[in-house]
Amino acid sequence: MQEIWDILKSLDYSPLWISLKTGLVATVLCFFLGIWAARRVMRMGKRAKAFTDGLLTLPMVLPPTVAGFFLLLIFSLRRPIGSFLYQELSIKVVQTWLGCILAASVIAFPLMYRNARAAFEQVDIELIYAGRTLGMSERAIFWRVVLPSAGPGVVSGTILTFARALGEYGATSMLAGNIAGKTGTISQRIAMVIQNGDYLTAGLWVLIILLISFGIVVLMNLFADSKMKNIKKW
Amino acid sequence: MPLTVDIIKRLQGFTLNVSLTAEAGVTALLGASGSGKSMTLRCIAGVEKPDEGRIVLDGRVLYDSGEKIDLPPQERRVGYLFQRYALFPNMTVLQNIDAGLSRERDARIKQAKRESLISRFRLDGLEQRYPRELSGGQMQRVALCRMLAAEPEAILLDEPFAALDSHLRWQLEGEVKQTFSEFSGVALLVSHDRGEVYRMSQRVCVLNDGASEPVLGTAELFDHPRTLQAALITGCKNCVPAEILSQGVIHVPDWNARLACAQAADGAITHTGIRAHYILPCAAEVENALYCRVVEAADDVFSRVLTLLPAGGTGTIRVELSRAAGERFTSGGEGWFCLPKEHIMLLRETHER
């Protein structure tokens, strides 16, 4: 027990903050992008919709390392876009915190997009029609009618996005690397200490991320249940 | 300030082809469910787009496929009362009404309008309630209030009473009638209920399988429907094929009968009809009397319904008598029944366009 306490006290907590910061920023990005993409895809024709939806969902079904490969292909300093960004705009993605955010956002994005779309598609269309005939602007209808009505779905999408971004490993390790205090996230720290055979420290990090993730999902369930009172058990 | 609609919209399985002009006052769109009534309203409001045609409100072109004009619903100034009211569930009564006032920029004028609307629709004290906390009647008042807050030039009501119990319906009809009487523009009322249409509208346009018939005065349509479909939708229960023998005389094969009729017939008549409550028991020598066997006799809530088979005929006739007049007829009985000639309607299969 004393041993655990000692480790906890001397632990470098930077992975926790880096993961939380990354998760938060990625969630904010995905929130707006996901909602925007959901609206765009909803308005598309059948074929364009199937194609675009497939493309946007890919990061969720492919191994994260594949996403990491593509991200490297774009942002590596040895590639045209990456070198352009670095030389002209001094933006460096590889081996930086920006890379963490980008990797986490790409991987978590489909969760936001798909949940938002499902929620929007269930909004009673008569409410939108009513808003239009009453002279409300499309923007007002979206923020004051559609979003509140699609609320539970959008919220659960947001929370899942955060949980996913928090634990991202594959793409992050390829794009951002594991630089302690800079890009070293919890999941990367776990992999690293395991490699060193330090099961106790790894176990503590596992416990931390487990508690956070489980807490998030439970919180989401409680929220969703309170919003949907008329759900039937069967 | 008339509303002229002339549109075509192709939908899966049928084509909506509506052509009507509605003057100020209440015009009803009467048709069976699935005949395209709601879709017509949606096209006028601008939330659905016709394939081709033209919609003009008071000289303002709302839609014209030829000139590529398609005003967004926000600019049409057409109010829409939805069947289930479509109140915003996340907003209070006051916020719902404010949604209708969103065009009004001046805060003081807005407040004045808000107050007068709330008192006019007797919503005082309900301002902070949410739609789920309102009764059906209150919900309808909020929906009417919200619609009129936007100061529409025409109002469209989509089966406003369809979801209500019959006792509540009477009460709310009064409410809507009151709104109609205070509204100076065009009002379109969609309904499949002939009683509702008769009580509430001045003119009717029958919609049959997506196609509109000419607009008629409500009383005229109910007294003298011109087509088989109009007769059926206005509740005529006895409609059978018929042919003209000479002016004022028709032959009805299904009833094995030759009947005199008061209405002047033109050549295109294919059917005849008579409403069930105009047929009465009579003596043998009366004009248009048929000797019938009572196939079935049953009590309805306030009447006795007889199903008659005329001698030598193949088609039955439905008769509705008062309980008192009908109690002596039981199934298997026989007697003379008269089809008064002034109530015999001459009908065409469909309205030719």
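**Two helices and two chains**

Q: Is the crossing of α3(A) and α6(A) left-handed or right-handed?
A: In this predicted model, local features need pLDDT of at least 70 and side-chain atom pairs count only at pLDDT 80 or more, while totals for chains, interfaces and linings use all residues. Residues are numbered from 1 along each chain as its sequence is written, and chains are lettered from A and ligands numbered from 1 in the order in which they are written. A helix is a DSSP run (H or I, at least four residues), numbered from the N terminus. With the near helix turned anticlockwise from the far one by less than a right angle, the crossing of α3(A) and α6(A) is left-handed.

Q: How are α3(A) and α6(A) oriented to one another?
A: Helix α3 (residues 46-61) of chain A packs on helix α6 (residues 97-121) of chain A with axes 7 Å apart and an angle of about 125°, where axes are lines fitted to C-alpha atoms over the stretch in contact and angles run from 0 to 180 degrees between N-to-C directions. Angles under 35 degrees count as roughly parallel, over 145 as roughly antiparallel, 65 to 115 as roughly perpendicular and the rest as oblique. The angle therefore makes α3(A), relative to α6(A), oblique.

Q: Which residues of α3(A) make the contact with α6(A)?
A: Residues are in contact if their C-beta atoms, placed from the backbone, lie within 7 Å. From α6(A) come V106(A), I107(A), F109(A), P110(A), L111(A), Y113(A) and R114(A), and from α3(A) come L56(A), T57(A), P59(A) and M60(A).

Q: Which helix gives the largest share of the side of chain A that touches chain B?
A: Chain A brings 14 residues to the contact and chain B brings 17 residues. The largest share of the chain A side, 7 residues, comes from α7(A).

Notes. Two residues are in contact if their C-beta atoms, placed from the backbone, lie within 7 Å.
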